Amino acid sequence: MKEEELLKAFYALSDPVRLGIIKILLDCKELCVCQITEAFKLSQPNASFHLRILKEANLVICEKRGKWNYYKVNAQNELINLITPLIENMPSRNLPYSYCEVNP
């Protein structure tokens, strides 16, 4: 992994919201952007900003289905594969519902 890629990844993961997004994507495997906005109580532009940072760091991948964008962790990313056990062991956010149960 190149230095520039590491810097982008560490910058992306340095924000609690983005780290939380990675955590719930690891838990749920895939989520629609609307589920992410609901889980974190983000506006759509704010969620798009965080997801763009994660995507530019190559930590998540996006698939468009109809009018919805679905995100999942990029399993091909070397850094994600190394730190997944650390992220999975983080305590989950205190939300009133399971992230995976938020309907698009």
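The model is predicted, so local features need pLDDT of at least 70 and side-chain atom pairs count only at pLDDT 80 or more, while totals for chains, interfaces and linings use all residues. Residues are numbered from 1 along each chain as its sequence is written, and side-chain values use heavy atoms, without hydrogens and water.

**The sheet**
- Three strands make an open, antiparallel sheet in the order β1-β3-β2.
- β1 (31–32) and β2 (60–65) are at the edges with a single partner strand each, so one side of each has no neighbour in the sheet.
- Strands (E, at least two residues) and helices (H or I, at least four) are DSSP runs numbered from the N terminus, and two strands pair if DSSP finds at least two bridges between them.

**The pairings**
- Six bridges link β2 with β3 (residues 68–73), and E63 has Y70 in β3 as its bridge partner.
- β2 and β3 form a hairpin with two residues between them, where G66 in the turn has a positive phi of about 65 degrees.
- Two bridges join β1 to β3, with L31 opposite Y71 in β3.
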